[in-house]
Amino acid sequence: MIGVLANRFRNGLKGLLPVGLTVLLVLAAYLPYGSAEVSRLFPQFALISVFFWSVYQPNLMPAGAAFLIGFVSDVLSGMPLGLTALTLVLLQYAALHQRRAFVGRPFLVGWFGFAFLAAVAMVLVWLGASLYYMTVFAPAPVAVQLAITVAVYPLIAEILGWLQRRYLL
Amino acid sequence: MPTRAAVQRSAYLLLISAALVLLVLGRSDNEAVSRFRTAVTDLLAPVFAVMSEPVRHANELTRAGEDLWYTYRDNARLRQDIERLSSWQLIARKLEQENAVLRAQLNLRPEPQPFYITARVIADTGGAFVRTLVVSAGSRDGVLPGQAALSGAGLIGRITSVGYRSSRLLLLSDLNSRVPVVVEGSRIRGVLAGDNTDRPRLIYLPATAQVSPGDRIVTSGHGGVFPPGLPIGTVVHVNKGEIRVQPFVDWDRLEYATLLRYELPRLGDGLSRDGR
């Protein structure tokens with residue numbers, strides 16, 4: 001009996017891995033790295049993680065979880081509350097509905113797919129923030145951050161893939 | 001199954017409308033939204049404090065290495081500084097005494113002594129859109145909204161929201177930051193406005209104002225939020241009405257913030273103070 005419960009508990013914990021890990025990645029973005037540049041150019045790990053799990057383990061990254069992750073990010077960053085939440089829900093929707101294009105295909109296909117969706121997501125955030133604050137934010141820092149995020153995708157996807165194989169499959 | 005698809009679709013609609021409602025509420029400066037944000041940040045503050053420890057140690061290590069590397073050069077420069085500053089010290093001592101004597105003759109009421117709170121920076125949310133910090137002091141430490149925040153070198157911003165154990169600090173460079181300032185020599189008044197770059201703009205100067213690179217900018221104390229005379233930075237760029245100020249603060253070495261509890265001198269304050 002206890003063995004069954006323990007097993008169920010362990011499986012429950014494993015099920016929380018994708019969302020928990022994404023929240024940790026969000027928190028990591030806001031640590032004081034002692035460099036203004038690092039904070040500004042820090043990759044948007046949440047985009048990578050939400051995309052990855054929506055494609056490769058969609059049952060563990062439901063829309064509500066994407067919303068929650070975005071919400072936590074907005075609360076901490078001081079961004080307009082709801083903007084990142086909205087963006088991540090839309091990203092999760094797009095990734096989930098296009099997952100057949102990525103699953104079982106060469107890695108490059110997934111990378112390009114991510115690059116496209118991440119670009120759309122960051123344009124959305126830029127537009128949303130510009131509208132919210134009634135100003136035009138400089139697009140260059142956003143573009144650089146996007147480029148960095150796309151550049152680190154292979155590494156992060158590799159790590160997430162390893163975790164998935166190790167604990168979830 | 002069509003019903004399942006319908007449920008899914010309505011879940012998406014629900015989440016998207018929730019996000020939009022939050023955006024509209026936040027835009028209208030809803031009190032509940034900002035209080036909620038403060039509460040969640042406060043809840044996560046201990047997590048940040050723990051997570052930021054290894055980062056802090058790593059930073060200290062790289063800085064120790066840097067300092068060691070530059071010891072020889074820095075030593076020579078510091079010797080020169082000591083020479084130069086010791087003559088200034090003599091002048092300052094003389095002025096201090098003279099000032100005290102003159103104040104006594106005028107019977108001038110002393111400015112209220114500010115009260116300092118030192119807080120560690122536990123989160124840096126500086127991004128492309130927002131420039132804020134979270135510091136590890138809150139209402140339990142006596143932090144109040146509006147308090148000026150300084151680093152060793154000068155003003156860095158002000159407190160915008162206060163939780164129990166943490167507070168959010170809006171940096172000078174944030175889009176929403178406006179600080180009433182004066183140009184130190186000429187006493188010209190203006191406003192230092194952040195625009196998400198490292199060098200805020202100086203705006204609302206009188207049309208005839210002459211400002212040139214190298215001029216020092218300090219707080220004016222207008223509006224009663226900041227005490228007057230806090231150093232901010234120097235003018236570095238003047239071009240066709242666009243004036244940019246380089247703050248004294250080293251954004252890359254911002255580990256602690258000193259929060260200044262300042263109360264505007266009120267009429268009648270002097271009487272009660274004398275009575276005590």
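**Ground rules.** I am working with a predicted model, in which local features need pLDDT of at least 70 and side-chain atom pairs count only at pLDDT 80 or more, while totals for chains, interfaces and linings use all residues. Residues are numbered from 1 along each chain as its sequence is written, and chains are lettered from A and ligands numbered from 1 in the order in which they are written.

**Entry 1: α1(A) and α3(A).** I started with helix α1 (residues 2-29) of chain A, which packs with α3(A) at an angle of about 165°, the axes being 8 Å apart. I noted how these are defined: axes are lines fitted to C-alpha atoms, for helices over the stretch in contact, and angles run from 0 to 180 degrees between N-to-C directions. Helices (H or I, at least four residues) and strands (E, at least two) are DSSP runs, numbered from the N terminus. The two helices are therefore roughly antiparallel to each other; the classes are under 35 degrees for roughly parallel, over 145 for roughly antiparallel, 65 to 115 for roughly perpendicular, and oblique for the rest. Their crossing is right-handed, a term for the near helix being turned clockwise from the far one by less than a right angle, with anticlockwise counting as left-handed.

Which residues of α1(A) meet α3(A)? I found A:Pro18, A:Leu21 and A:Leu25 among them, and on the α3(A) side they meet residues including A:Phe45, A:Val50 and A:Trp53. The contact (C-beta atoms, placed from the backbone, within 7 Å) divides into ten nonpolar, two polar and no charged residues. Here Ala, Val, Leu, Ile, Met, Phe, Trp, Tyr, Cys and Pro count as nonpolar, Asp, Glu, Lys and Arg as charged, and the others, Gly among them, as polar.

**Entry 2: α3(A) and α6(A).** Next I followed α3(A) (residues 45-56) to α6(A), where the angle is about 130° and the axes are 11 Å apart. This pair is therefore oblique, and the crossing is right-handed. A:Leu47, A:Phe51 and A:Val55 make the contact from α3(A), and A:Phe114 and A:Leu117 are among the residues from α6(A). I counted seven nonpolar, one polar and no charged residues there.

**Entry 3: the barrels of chain B.** One barrel closes from six strands in the order β1-β2-β5-β4-β3-β12, with antiparallel pairing (two strands pair if DSSP finds at least two bridges between them). The twist from one strand to the next averages 45°. Three bridges join β1(B) to β2(B), and B:Asp124 stands opposite B:Leu133. Helix α2(B) (residues 31-69) packs on this sheet, with its direction at about 80° to that of β1(B).

The other six-stranded barrel runs β6-β7-β8-β11-β10-β9, again antiparallel. In it, β9(B) and β10(B) pair over three bridges, and B:Arg216 has B:Thr234 as its bridge partner.

**Entry 4: where A meets B.** How many residues of each chain are in contact? I get 34 of chain A against 38 of chain B. Among the elements giving two or more residues on the chain A side are α2 (36-41) and α7 (139-168), but α4(A) gives the most, with six. That side divides into 24 nonpolar, nine polar and one charged residue.

Notes
Contact = placed C-beta atoms within 7 Å.
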